[in-house]
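Please keep the structure in view as you read.

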Amino acid sequence: MCGKSIKDPNAAAAGAVALAYHVRAVAKYYGIPVVLHSDHCAKNLLPWFDGMLEADEEYFKKFGEPLFSSHMLDLSEEPDEENIAICVKYFKKMVPMKIWLEMEIGITGGEEDGVNNEDIDPAKLYTTPEQVYSVYEALAPIGNMFSIAAAFGNVHGVYKPGNVTLSPEKLLSHQMYTKEKIGSELERPIFLVMHGGSGSTDEEIKSAVANGVVKMNIDTDTQWSYWDGIRAFEAKNHDYLQGQIGNPTGDDKPNKKFYDPRVWIRAAEETMIARVALSMEKLGSVGQYTKSTEPGSQQIIIKKKMVNPLEGLVKGVKKMMA
């Protein structure tokens, strides 16, 4: 949200914060719970993470809740010990504000946000139960609002069928291992995340959810759906997009209502909305939310009681998995 031409090192954080304030200003008009989440922060991007946390702390002092709902640390390229230690450091800052932490351990193939694992040894694309438990063991004493993106053959992007082998059944091994270690009564004591969900089959998604996945990333599929809306708009209106004036209805007819960015960007938004809705169906989240009867408010103006949608998720998911 801060232009690429801005070279100030704080630009990324400033852009993220600006977007968060915008969302809080308009969220009340949509009638749905809104989660503000930042994704994939590698070690070299920690200044961005620090900037967002500073904004969270400032907002918390004023309104009793953080600006963002959750943040993700992707330190999967670092040694496990360092990865977990940095997560512990930040989680201690986040827990008092009730901010959810998502972390990644193990390697997701492909390339995403500057982290390139396209040539990684396939054997390394599977996180072990011991690795997952080591995260749980370090974070659970601090708080329960965290999730773990454990690799089970995931690859960022979409690839030809047969080129990527997902093993969502391995997630159950993680759950059972930790369940035994901590003596939990819950069937699925860990909140897991599925990265590289684009291109996954319905059965793979269903299996992942059954084994404790509470969030799935579909960046590539949503990118394509956004472009597909523009592609279809151009194909349909091609003859009206070749000049500012002149189209099949007349050489002197203006084409502004076709090339106006607000028109074709909306077409892109509509196809992306449809794709997100499809994923919600696949994940089983459709119809699971009971709409609140409380009136919405502009959360950047009115001081109110601290509420984080993800805090309710903890209680709800734990209840379902019990």
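In helix α3, the residues that are buried are N83, I84, I86, C87, V88, Y90, F91 and M94. Here "buried" means under 20% relative accessible area, while "exposed" means over 50% and "partly exposed" covers what lies in between (1.4 Å probe, protein chains only). Helices (H or I, at least four residues) and strands (E, at least two) are DSSP runs, numbered from the N terminus.

This is a predicted model, in which local features need pLDDT of at least 70 and side-chain atom pairs count only at pLDDT 80 or more, whereas totals for chains, interfaces and linings use all residues. Residues are numbered from 1 along each chain as its sequence is written, and side-chain values use heavy atoms, with hydrogens and water left out.

What do the buried residues of α3 pack against? Their partners are α2, β2 (70–73), β3, α4 (129–139) and β6. Such packing is judged by contact, meaning heavy atoms within 4.5 Å. From its first C-alpha to its last, the 15 residues of α3 reach 21 Å, close to the 21 Å expected at 1.5 Å a residue. The expected span is 1.5 Å times one less than the number of residues in the helix.

## The chain as a whole

The protein chain has ten helices and ten strands. Of its 322 residues, 42% are buried. Looking at contacts with a separation of 6 or more, 66% are between residues 24 or more positions apart.

## The nonpolar core

A nonpolar core is a set of buried Ala, Val, Leu, Ile, Met, Phe, Trp, Tyr and Cys residues joined through side-chain atoms within 4.5 Å. The largest one here has 50 residues, and F49, F68, L73, Y90, L101, L139 and I148 are those with the most contacts inside it. Helix α2 (residues 46–63) gives the largest share of this core, eight residues.

Take L101 as an example. Once its neighbours within four places in sequence are set aside, L101 touches H71, L73, C87, F91, M94, L139, M145, F146 and S147.

## Aromatic rings

Rings of Phe, Tyr and Trp (its six-membered ring) pair if their centres lie within 6.5 Å; planes under 30 degrees apart count as stacked, over 60 as edge-to-face and the rest as tilted. How many aromatic pairs does the structure hold? There are eight. One of them joins F91 and F146 edge-to-face, with 5.8 Å centre to centre and 80° between the planes. This pair links distant parts of the chain, since F91 sits in helix α3 (residues 80–94) and F146 in strand β6 (residues 146–150), 55 residues apart. F91 and F146 are both buried. Elsewhere, Y21, Y59 and F63 make up one aromatic cluster.

## Helix α9

Helix α9 (residues 261–283) has 23 residues, so at 1.5 Å a residue it should span 33 Å; its end C-alpha atoms are 33 Å apart, which agrees. Its residues A267, A268, R275 and S279 are buried, and the buried residues of α9 pack against β8 (213–216) and α7 (219–236). I265 is also part of α9. I265 and Y226 are 39 residues apart in sequence, yet 8.5 Å apart in space, C-alpha to C-alpha. After α9 comes G284, with a positive phi near 80°.

## A few single residues

| Residue | Relative accessibility | Class |
|---|---|---|
| C2 | 32% | partly exposed |
| C41 | 0% | buried |
| H195 | 1% | buried |
| I265 | 29% | partly exposed |
| H40 | 4% | buried |
| K98 | 32% | partly exposed |

H40 is not a glycine, although its phi is positive, about 45°. You can find H40 in strand β1 (residues 37–41). K98, another residue other than glycine, has a positive phi near 60°. Its place is the loop between α3 and β3 (100–105).

H195 lies in the loop between β7 (192–194) and α6 (202–210). The side chains of H195 and E102 make a polar contact at 2.7 Å. A polar contact is a pair of N or O atoms within 3.5 Å; within protein, one must be able to donate a hydrogen and the other to accept it, and residues adjacent in sequence count only if both atoms are side-chain atoms.

Finally, how many disulfides are there? With a disulfide taken as a pair of cysteine sulfur atoms within 2.5 Å, the count is zero.
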